[in-house]
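Student: I'd like to go through this one piece by piece. Can you put it up?

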Amino acid sequence: MKVYRTVRMALKALGRNPMRALLTTLGIVIGIGAVIAMMEIGEGSSSALQKTIASMGANVLLVFPGVTSTAGVSQGSGSRITLTAQDCEAIAKECPSVRAVAPTVRARTQIVYGGENCVPNQMTGTTPAWLVIRDWANLAEGECFTDRDVLSGARVCLLGQTVVRELFHGESAVGKEIRINNVPFRVVGVLATKGANMMGMDQDDAVVAPWTVIKYRVAGSTLSNTNQSASSASSDSSNMVSNPYPGEAPALYPEQSSTQTQNNPMLVRFANVDMLMAAARSAEQIPSAIQEITAVLRQQHRLREGQEDDFDIRDTRELTDTLSSTTTLMTNLLLAVAMISLVVGGVGIMNIMLVSVTERTREIGLRMAVGARARDILRQFLTEAVILCLVGGAVGILLGHGGSYLVETLLRWPVKTSPTAIAAAVLVAATIGIAFGYYPAWKASRLDPIEALRYE
Amino acid sequence: MNLIELRDIQKTYHMGDIAVPVLKGISLGVAQGEMVALMGASGSGKSTLMNILGCLDRPTSGEYWLEGQEMSRLSPDQRALMRNCKLGFVFQSFNLLARTSALDNVAMPLMYTAESLSERQMRARAEEMLRRVGLADRLAYHPSQLSGGQQQRVAIARALVSRPTVLLADEPTGNLDSRTSAEILRLFQELHERDGITIILVTHDANVAAHAKRAIHIHDGVIVDGAYSAPSAEMPTGGIQ
């Protein structure tokens, strides 16, 4: 028997009892709908996560100074002063896999504009390359400071959106003068909105300025950040009482012991930075970038063969992997639940098909009497089941898609259409039709025509 | 040789350990173009014989020749093919598909025919058959919209649509009132006389049997009377073409 004839016959048979067909497919509709919605929401949240990660900057490598420990007590990252701006320049010059590199200096202090004040989350001293690495180079307003500003230690800064909102209340910030730790700064630009990072920290609550000025005019030594027993330096506290005369506190030159002075009569302006941020040219070049940076830094720091690195390179990909594995786990879990509902739907189909076979026993007997072979009957009932499942699957796909659209518009969850999920859903629906339709169809085909015709 | 030839057909049902013989050696012959009534009280074995004639069942022993072909040893699929091509069934309870037009009901057996007809050819043949039973104006009607007599006419058209050699009618008037019964029997006679179709009518009603040229009486699984036609009887030739 030709395929289209079988399909047409099955459609006619289903059309004779449309309400029952509708209710039968409901299980599949809900199951497939749930699967599609789960997949789309899952894909959406993982792509949103990718976006958040990308907002940190693509293929970013973080170079931290090494860790020191005193009598077995770790002083924490940054407790050793090893990274310098010269390291940064050397990396920029000598590492072909590195797209951009920038030094960063952190500070945490109060900024004041008129009667308003706030303490931004991040106060970063860096070079313009930092914005390139962070994928933040398009400013909302104004212009970025220049490399020249960095060299000259110009008192200019960029403000994040949150800071602008808090200090300026809708006024334009560009060209205004604010005070950071009582040092006057001119606002040259406003950063574009970036949103929260992976940890939920507001990235717009930020101030960016040339690292030289942050280093020498605002922040003190970063050592004091972690070493709490040391007398608190003025610059890393927003409490101004301890430091009535700010701006004079940080020593530009580290204090030298008498031996050092004798050994090194020349003055060394040792300008360490807290961290270097580098971006590899592509995700594939991250390992080679790490190798090159390691080689350059070891040379810069004059480390001998066998000596441990006095710095740490961290790859943000590990973080990415950890975070995305969590969402993948959740999605898979929900998918498993949705799959169970699909199986329940399949059992529903089997149930109704069995009822249908019993109810249509006389029809089956008649069809056999007029010449239908067992396999014709099998094919007919199997086709009916598969059609039910496929139609249910199609409606389920639409419903799931609509559901995820609703979630997107009403709950503002990120959602992403997934062609793979749709293909899989169609496949699953057909498989369920065959798997759960086979038994009733087989039962129908095994009926004895004489008995079936006599059935009341 | 006769169109249908049964030789010592026996059928025994097994109910647990007890063997129940239903047909105890039936031998009969039906010639091409005959109209025969198969008569017997209920329980006489006439339904079983009918099932064997209709290739729905196989005899326990004996031979069944239809158009020179031995039927009792065929596989189920081959028997299905025989039912489709050589045999037409008319049932007491019509057995039409509900919520399906008369035309589709009639065309249904063609779906299973080995020879592949186009949709249009199938419709044309079904229409032709419905016209022949006098329902040309009821093509799109569903069984529930037709009277009992009309339903049986649809069933007869369905039985004839694949141009069978033999038409088997099992109590075709059992569910009909006497007036419609007469109409249906007239239709059978007409088909028999005009188109020369071989018809076997199963009935327990002597009035119905009276329409046939010959009656085969069966009692307790044995043929009492009329197993073979009288040699002098004139045979119309040719099946329905």
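Student: Which elements of chain B have the lowest and the highest mean pLDDT?

Tutor: This is a predicted model. Among the elements of chain B, the lowest mean pLDDT, 87, belongs to helix 7 of chain B, residues 206–209. The highest, 93, belongs to helix 5 of chain B, residues 148–160.

Student: And what is the mean pLDDT of chain B?

Tutor: The mean is 87, and 94% of the residues of chain B reach 70 or more.

Student: Where does pLDDT stay under 50 in chain B?

Tutor: Over residues 232–241 of chain B. For that stretch the model has 17 contacts beyond four places in sequence.

Student: What are the ipTM and pTM?

Tutor: ipTM is 0.90 and pTM is 0.70.

Student: Switching to packing inside chain A. At what angle do helix 11 and helix 14 of chain A pack?

Tutor: About 30 degrees, with the axes 9 Å apart. Helix 11 of chain A spans residues 316–359 and helix 14 of chain A spans residues 419–445.

Student: Why call helix 11 and helix 14 of chain A roughly parallel?

Tutor: Angles under 35 degrees count as roughly parallel, and the two helices of chain A are therefore placed in that class. Helix 11 of chain A passes helix 14 of chain A in a right-handed crossing.

Student: Which residues meet there?

Tutor: From helix 11 of chain A, they include L342(A), G345(A), G346(A) and M350(A); from helix 14 of chain A, they include V428(A), I432(A), F436(A) and K443(A). The residues of this contact divide into 14 nonpolar, three polar and one charged.

Student: Back to chain B. What is the strand order in its open sheet of four strands?

Tutor: The order is 2-1-4-5, with antiparallel pairing. Strand 2 (18–30) and strand 5 (69–70) of chain B each have a single partner strand, so one side of each is left without a neighbour in the sheet.

Student: How many bridges join strand 4 to strand 5 of chain B?

Tutor: Two. In one pairing, W65(B) has E70(B), in strand 5 of chain B, as its bridge partner.

Student: What packs on the sheet?

Tutor: Helix 1 of chain B, residues 46–53, touching strand 1 (4–15), strand 2 and strand 4 of chain B. The direction of helix 1 of chain B makes about 60 degrees with that of strand 2 of chain B.

Conventions:
Residues numbered from 1 in each chain as written. Chains lettered and ligands numbered in written order. Predicted model: local features only at pLDDT ≥ 70, side-chain atom pairs only at ≥ 80, totals over all residues. pLDDT = per-residue confidence, 0-100. Contact = placed C-beta atoms within 7 Å. Axes fitted to C-alpha atoms, helices over the stretch in contact; angles between N-to-C directions. Parallel < 35°, antiparallel > 145°, perpendicular 65-115°, else oblique. Left-handed = near helix turned anticlockwise from the far one by under 90°. Nonpolar A, V, L, I, M, F, W, Y, C, P; charged D, E, K, R; others polar. Pairing = 2+ DSSP bridges.
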